[in-house]
Structures are given as structure tokens and as C-alpha cells.
Amino acid sequence: MPHRQVPARPRLYHIVHVDRLASIIGEGGLLCDTTMMKRPKVGTAVGMTEIKARRARTKLASHPELSVGDCVPFYFCPRSVMLYLMYRGNHRELTYRGGQDLIVHLEADLHGAIEWATRAGRRWRSPRPTQAPPTSRTGPT
């Protein structure tokens with residue numbers, strides 16, 4: 001498989017049902033599944049219940065006091081597996097059967113999101129620190 005170049009401005013994606021937009025705007029942003037499960041149901045959930053339960057049980061290595069369910073999930077590609085499952089409409093664990101027509105794709109700039117989170121004092125974590133590639137020098141330094 002050929003190595004793909006990381007885009008200069010990577011994008012983040014999150015999908016929601018259109019009937020959730022008012023609550024997202026009202027909250028001032030997306031909420032994690034852990035928080036959503038503690039509140040009265042608002043709008044149509046499009047995720048898989050078993051995946052959400054597994055995320056609630058799985059602790060983060062970078063922040064052991066948090067579970068994956070304490071974080072809002074994002075994709076790094078505009079066409080997620082979940083969208084394909086919605087299109088097919090035949091996965092046994094998928095309770096949402098409304099297709100893709102009422103699904104809204106939220107998109108954000110990864111670097112802009114990190115800058116915002118840093119300024120706002122919000123917790124975020126890159127999966128691993130990036131290392132600069134070794135440099136070769138020819139001539140005096």
C-alpha cells in the first residue's frame with residue numbers, strides 16, 4: 001500500500017441526525033456519550049448501542065480517569081464505516097434505520113480545534129507525540 005501524505009490541514013468529522021442540531025447549538029457544542037446517557041433523550045441516536053457501551057467501559061491510557069465514552073468521537077475521513085452501515089441498513093446492531101438523508105456531517109479543522117481547545121483550557125490529547133524526522137547536513141553547521 002502506498003504511503004499517503006498527511007494533509008497540511010487535516011479535517012475532523014462527526015455525524016449526527018438533523019433533529020439533534022438544536023440541542024447541539026443549545027449546549028454550545030457536542031457532548032460525549034457518557035453525558036448524553038445521563039440526560040433525557042433528545043433527538044435520534046445513530047450510533048450502535050454495543051459500541052457505545054464498550055466505549056463507556058474502556059479506559060484511556062493517556063487519562064486513566066476517563067473512558068473512551070467520556071470523549072466525543074470523531075472520524076478522520078469524510079466517509080465513515082457507520083455511514084456505509086446506514087446505507088446498507090442491515091447490520092443487526094444498528095437500531096437507526098433511517099438511511100443517510102437526515103444525517104448531517106459536521107466538519108472541523110484539526111489544527112483549529114486543537115488551538116481552540118488549548119485557548120479554552122479544554123483537555124485534548126494527540127495519540128502520540130510527533131517526532132521531527134532526522135535532518136542530514138552537508139557542510140559546516
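**Entry 1: Thr34**

I started with Thr34 and looked up what it touches. Skipping anything up to four places away in sequence, I found Ser67, Gly69 and Asp70 as its partners. A reminder to myself: this is a predicted model. Thr34 sits in helix α2. Is Thr34 buried or exposed? Its relative accessible area is 19%, and the cut-off for buried is under 20%, so Thr34 counts as buried.

Next I checked what the side chain of Thr34 does. It reaches the backbone oxygen of Gly69 at 2.9 Å. It also makes a polar contact with the side chain of Asp70, again listed at 2.9 Å.

**Entry 2: Ser67**

Ser67 came up as a partner of Thr34, and I followed it. I found Ser67 in the loop between α3 and α4. With a relative accessibility of 3%, Ser67 is buried. Which backbone oxygen lies 3.5 Å from a polar atom of the Ser67 side chain? I traced that one to Ala56. Beyond four places in sequence, Ser67 contacts Thr34, Arg55, Ala56, Thr58, Lys59 and Leu60.

**Entry 3: the whole chain**

Time to zoom out. I counted 5 helices and 2 strands, and reading along the sequence gives the pattern β-α-α-α-α-β-α. The protein has 141 residues, and 22% of them count as buried. I also looked at contacts between residues with a separation of 6 or more: 65% of these join residues 24 or more positions apart.

**Entry 4: Tyr13**

How far apart are the C-alpha atoms of Tyr13 and Ser80? I got 8.9 Å, though the two are 67 residues apart along the chain. Leaving out residues up to four places away, Tyr13 touches a run of names: Pro73, Phe74, Tyr75, Phe76, Cys77 and Pro78, plus Leu106 and Glu107.

**Entry 5: the nonpolar core**

From my course notes: nonpolar side chains tend to be buried together in soluble globular proteins. Which residues make up the largest nonpolar core here? I listed 10: Ile15, Val46, Met48, Met82, Leu83, Leu85, Met86, Leu94, Tyr96 and Ile103. Helix α4 gives the most to this core, with 4 residues.

I then clicked on Met86. Not counting residues up to four places away, it touches Ile15, Val46, Leu94, Tyr96, Gly99, Gln100 and Ile103.

**Entry 6: both ends of α5**

At the N-terminal end of α5 I found a cap, Asp109. One of its side-chain oxygens lies 3.2 Å from the backbone nitrogen of His111. What comes after α5? Gly121 follows, and its phi is positive, near 70°.

Arg122 is in the segment after α5, which spans 110–120. I worked out its exposure too: at 53% relative accessible area, Arg122 is exposed. Apart from neighbours within four places, Arg122 contacts Trp116 and Ala117.

**Entry 7: pockets**

Rolling a probe the size of a water molecule over the atoms shows where it is left.

The largest pocket has a volume of about 1,900 Å³. It is lined by 46 residues, and those closest to its centre are Leu12, Val72, Phe74, Arg123 and Trp124. Which element gives the most to this lining? That is α5, with 6 residues, while β1, α2, β2 and α5 each supply at least two. By class, I noted 27 nonpolar, 10 polar and 9 charged residues in the lining of the largest pocket.

The second largest pocket holds about 760 Å³ of space. Of its 31 lining residues, Asp33, Ala45, Val46, Gly47 and Lys52 lie nearest the centre. The elements giving two or more residues to this lining are β1, α2, α3 and α4. The largest share comes from α3, with 5 residues.

Key. Residues numbered from 1 in each chain as written. Predicted model: local features only at pLDDT ≥ 70, side-chain atom pairs only at ≥ 80, totals over all residues. Heavy atoms only, no water. Buried < 20%, exposed > 50% of the residue type's maximum accessible area, 1.4 Å probe, protein only. Contact = heavy atoms within 4.5 Å. 1 Å grid on protein atoms, 1.4 Å probe; cavity = no way out; pocket = protein on both sides within 12 Å on 5 of 7 lines; lining within 4 Å. Points joined across faces, edges and corners; volume = space filled by probe spheres on them. Nonpolar A, V, L, I, M, F, W, Y, C, P; charged D, E, K, R; others polar. Core = buried A, V, L, I, M, F, W, Y, C linked by side-chain atoms within 4.5 Å. Polar contact = N/O pair within 3.5 Å; in protein donor to acceptor, adjacent residues only side chain to side chain.
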